[in-house]
Amino acid sequence: MSFVRSFLCGRFCLASRAAARRSLLLCQRAAGASAALPGLPLLGGARRRLLTLSGLSPAARCAAAGWGAAAAAGAGPCATRRRGCGGLGTAGGGFRPSRVAVVVKTTRYEFEQQRYRYAGLSEEDLKQLLALKGSNYAGLLERHRIHTKNVEHIVDSLRNEKIEVRLVKRREYNEDTVRWADAVISAGGDGTMLLAASKVFDKFKPVIGVNTDPERSEGHLCLPVRYTHSFPEALQKLYCGEFRWQWRQRIRLYLEGTGINPTPVDLHEQQLSQEQHSRAHINERFQDQRSDISGPHLLPVRALNEVFIGESLSSRENFKSCKPSFKFSLHRASYYEISVDDGPWEKQKSSGLNVCTGTGSKAWSYNINKVAHQAVEEILNIAKKHGSVNMPLNTELVQKVTSDYNESLLYSPEEPKMFFSIREPIVNRVFSSSRQRGFSSKVCVRSRCWDACMVVDGGTSFEFNDGAIASIAIDTEDALCTVLLEE
């Protein structure tokens with residue numbers, strides 16, 4: 001009987017926590033909408049509360065919200081709700097998780113250790129081997145120590161607030177860890193943030209990125225750099241509602257056709273050659289009996305940045321000629337058919353197809369499509385020669401035109417639309433490219449490739465060869481919950 005009572009209590013506890021989290025985030029999404037969406041009306045109570053709290057100091061705001069001085073002093077606004085299934089904050093805007101999973105990146109130093117562990121290398125052997133490769137052992141070790149110190153700072157800050165913490169490495173991070181946590185924190189850079197997000201399918205479970213090595217990592221998806229060394233300040237902003245939820249849209253993928261293999265290959269911890277990558281896909285295919293599926297199959301991953309489709313890791317293969325010790329390269333273009341927004345199918349050959357979200361519009365997609373000052377200047381000079389430009393050309397104008405075009409490639413992470421880019425399309429009497437880039441709500445691709453992959457966020461790869469069809473779209477239910485702290 002006691003076992004049954006404990007089991008039912010546990011089930012009720014989990015349900016209560018999930019319901020509380022959804023209720024809280026829905027309320028905060030409405031209350032915080034005035035900052036992001038000025039035209040969205042607020043409920044009377046939420047509007048009055050927002051007006052009342054605006055302009056107050058953190059301590060005064062916490063006090064006005066009924067959290068008392070303890071919140072401003074660091075005890076947190078929800079100190080009285082830490083036990084049981086509570087601790088998720090109040091409906092007034094503060095957020096306090098009871099359990100947090102911290103996903104930690106693998107540093108280059110750790111990667112090199114793991115890579116040569118099978119050979120039984122000592123630390124001195126590793127140092128010499130890295131020197132032969134032109135890598136700085138002391139530098140790698142120093143970056144590792146900086147990262148480790150910042151991770152300890154994050155964990156200590158959480159535990160000082162009586163928050164239960166589970167520290168996991170990449171290989172230990174799984175769906176069970178996500179279900180256990182009320183929130184997920186990625187401790188690393190943008191790559192670690194992408195990994196942390198890849199396992200989260202609950203729209204109401206926040207994922208927060210902290211850049212643990214700001215000098216070497218850009219951290220576009222992470223909190224501002226100053227919180228790396230002052231994480232308790234970020235926690236206080238969460239407690240006092242000094243933030244808004246940001247719902248980053250993500251891409252979902254359906255795969256259908258002949259001989260498809262919906263089993264992913266994880267690339268995060270692997271440095272694979274083309275041959276090794278192809279072998280990994282073959283092994284997965286024979287291990288997974290679902291490869292005969294022909295109907296649309298929703299893949300077990302969501303893309304936060306982008307999806308890339310193209311021939312495998314290397315786009316070139318070396319072939320031996322009849323002459324000894326002589327090799328030549330043959331370019332292998334990606335051959336496929338594409339339909340945008342249910343339009344007509346078009347045969348294309350290119351260096352691959354990139355489809356990104358608003359989050360990813362600042363990443364690879366931007367670098368594929370951006371123009372340089374030199375190109376803009378040369379085009380304007382040609383236009384002037386033909387009498388199409390009557391204004392004087394100077395550096396300021398060239399910079400303005402360049403900046404305006406490049407900024408047009410970016411859009412909000414919360415917009416439910418995609419941006420596709422055809423890389424280096426081949427155009428002749430057989431193949432065309434009516435649109436090289438543009439916004440869309442749906443992209444379908446039919447593979448005519450021999451050794452191609454569909455890579456999600458640079459970390460998960462799916463085989464995508466002749467006969468496979470991918471449908472790429474955004475569903476707002478897949479949005480990832482992140483935070484924007486007030487500055």
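1. Glycine 458 sits in the loop that links strand S18 (452-456) to strand S19 (460-463). Please keep in mind as you look that this is a predicted model. Is glycine 458 buried or exposed? With a relative accessible area of 53%, glycine 458 is exposed, because the cut-off for that word is over 50%.

2. Now see what surrounds this glycine. If you set aside the neighbours within four places in sequence, glycine 458 is in contact with Leu267 and Glu306.

3. The chain has 487 residues, and 47% of them are buried. Its elements come to 15 helices and 21 strands. Take the contacts in the chain with a separation of 6 or more: 70% of these are between residues 24 or more positions apart.

4. Four strands make up an open sheet, its order is S2-S1-S3-S4, and the pairing is parallel. Which strands stand at the edges? They are S2 (164-169) and S4 (207-211); each has a single partner strand, so one side of each has no neighbour in the sheet. On average, neighbouring strands here are turned by 20° against each other, direction ignored. As background, strands of a sheet pair through backbone hydrogen bonds, and the pairing is either parallel or antiparallel.

5. Look at the pairs inside that sheet. Strand S1 (residues 99-104) and strand S3 (residues 183-188) run parallel and are joined by five bridges. Within this pair, valine 102 is opposite isoleucine 185 of S3. A helix joins the picture too: H10 (residues 190-198) packs on the sheet and touches S1, S3 and S4, with its direction at about 155° to that of S3.

6. Strand S3 also pairs with S4, again in the parallel sense and over five bridges. Here alanine 187 is the residue opposite valine 210 in S4.

7. Why can we call S4 largely enclosed by the rest of the structure? Because five of its five residues are buried. The cover is on both faces: Val207, Gly209 and Asn211 are buried on one side, and Ile208 and Val210 are buried on the other.

8. For a helix pair, turn to H8 (residues 137-160) and H11 (residues 231-239). Their axes come within 9 Å and cross at roughly 45°, which makes H8 oblique to H11. The crossing of these two helices is right-handed. Where do they meet? His153, Ile154, Ser157 and Leu158 of H8 meet Phe231, Pro232 and Leu235 of H11.

9. Finally, the cysteines. How many disulfides does a search of the whole structure find? The search finds zero. Take cysteine 453, which is in no disulfide: the nearest cysteine sulfur belongs to cysteine 449 and is 9.7 Å away. A disulfide would need the two sulfur atoms within 2.5 Å. Cysteine 453 counts as buried because its relative accessibility is 4%. Cysteine 481 counts as buried too, at 0% relative accessibility.

Note on methods. Residues numbered from 1 in each chain as written. Predicted model: local features only at pLDDT ≥ 70, side-chain atom pairs only at ≥ 80, totals over all residues. Heavy atoms only, no water. Buried < 20%, exposed > 50% of the residue type's maximum accessible area, 1.4 Å probe, protein only. Pairing = 2+ DSSP bridges. Axes fitted to C-alpha atoms, helices over the stretch in contact; angles between N-to-C directions. Contact = heavy atoms within 4.5 Å. Parallel < 35°, antiparallel > 145°, perpendicular 65-115°, else oblique. Left-handed = near helix turned anticlockwise from the far one by under 90°.
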